[in-house]
Amino acid sequence: MLHKVIELKDYFGFLGEDGKNPTLTLYLPYNMVEMNRQNQKRPCMLICPGGGYGMCSERESEPIALNLLSEGFNVFVLNYSVDPHRFPSQIREVAASVEMIYKNADEWNCNISKIAIMGFSAGGHLAAHYSTMFDCKEVREVFPESKNVNASVLCYPVISADFHKTHQGSFYNLLGHAPDKEQEEYFSCEKHVNESTPPAFIWHTAEDGCVPVANSLIYAKALTDNKVPVELHIYPFGGHGLSTCDAQTCDNMNEIIEYNHVWIDSMKKWLKLIFR
């Protein structure tokens, strides 16, 4: 397996402005000649960890990547810019990551028709925001031919910027202040869903006390209203930030967290169906 950390500013100098240093960590399985797989092109997963736009969680990075390697994915973890760096740094860094996958598709054995993005919490907002606004003016200013992904996996995501539904700290970190009415509209991902939005797998817990479950519900509704395939799992119990829902990422393991662990197998089956 090739494991490598790329500094995106080395390829896109403007991403290093004001002290930013976004990195893309690659987990690329070797294609085994012994199995006649030397020409195999693999599906790709781009992971955006959570952390309220104030950090990038380690628990939602490598442990998730390792779960997907065994499914035949090339995996990329984006350690994107966080507070005090503001929008549009983050969405541009996602665009840069997708651009890197396209540019290196042959060398990295990437199937560019099967690129998914996965986000957790605020990283879920980033993933959904890119999925619905990959061609927004802020991205197209620097990537005139920006490309969307083909599927999204959203884990207890921040979706809406509506004061009554959102995780307010995420938007303070993303914008430097609470969003005004116009910004609420612009940064609420459900407002920008259309028939071309990528299919989504979404999971959340009903008793999440940090990011209200309403975020997942309104995004799922927006997708179904536009006839976009969606699979939604709402687990009855458990808090926020459960990641893999096992002892690898949760110190306080109990039967409730273990019950939610099934999301990983459900997600893998969904990806196989979407990318069949």
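Is S160 buried or exposed? S160 counts as buried, at 1% relative accessibility. Buried means under 20% relative accessible area, exposed over 50%, and partly exposed in between, with a 1.4 Å probe and protein chains only.

## Basis of the model

This is a predicted model, in which local features need pLDDT of at least 70, side-chain atom pairs count only at pLDDT 80 or more, and totals for chains, interfaces and linings use all residues. Residues are numbered from 1 along each chain as its sequence is written, and side-chain values use heavy atoms, leaving out hydrogens and water.

## The S160 loop

S160 sits in the loop between strand 6 and helix 6 (168–175). Helices (H or I, at least four residues) and strands (E, at least two) are DSSP runs, numbered from the N terminus. Leaving aside residues up to four places away in sequence, S160 touches K165, T166, F171, S188, E190, N215 and I218. Contact here means heavy atoms within 4.5 Å.

## The sheet

Two strands pair if DSSP finds at least two bridges between them.

Strands of a sheet pair through backbone hydrogen bonds, either parallel or antiparallel. Strand 1 pairs with strand 2 (residues 23–28) in the antiparallel sense, over six bridges. In strand 2, Y27 is the bridge partner of H3.

Strand 7 (residues 200–205) is largely enclosed by the rest of the structure, because six of its six residues are buried. In a regular strand the side chains alternate between the two faces of the sheet. Both faces of strand 7 are covered. A200, I202 and H204 are buried on one side; F201, W203 and T205 are buried on the other.

Strand 6 (residues 151–155) runs parallel to strand 7, joined by four bridges. C155 stands opposite W203 of strand 7. Strand 8 (residues 230–235) also pairs with strand 7 in the parallel sense, over six bridges. In strand 8, H233 is the bridge partner of W203.

Axes are lines fitted to C-alpha atoms, for helices over the stretch in contact, and angles run from 0 to 180 degrees between N-to-C directions.

S266 lies in helix 10. S266 is buried, with a relative accessible area of 16%. Beyond residues up to four places away in sequence, S266 touches F201, E231 and H233.

## Helix 1 against helix 10

The axes of helix 1 (residues 62–69) and helix 10 (residues 262–274) come within 11 Å and cross at roughly 50°. That makes helix 1 oblique to helix 10. Angles under 35 degrees count as roughly parallel, over 145 as roughly antiparallel, 65 to 115 as roughly perpendicular and the rest as oblique.

I64, N67 and L68 of helix 1 make the contact with W263, I264, M267, K268 and L271 of helix 10.
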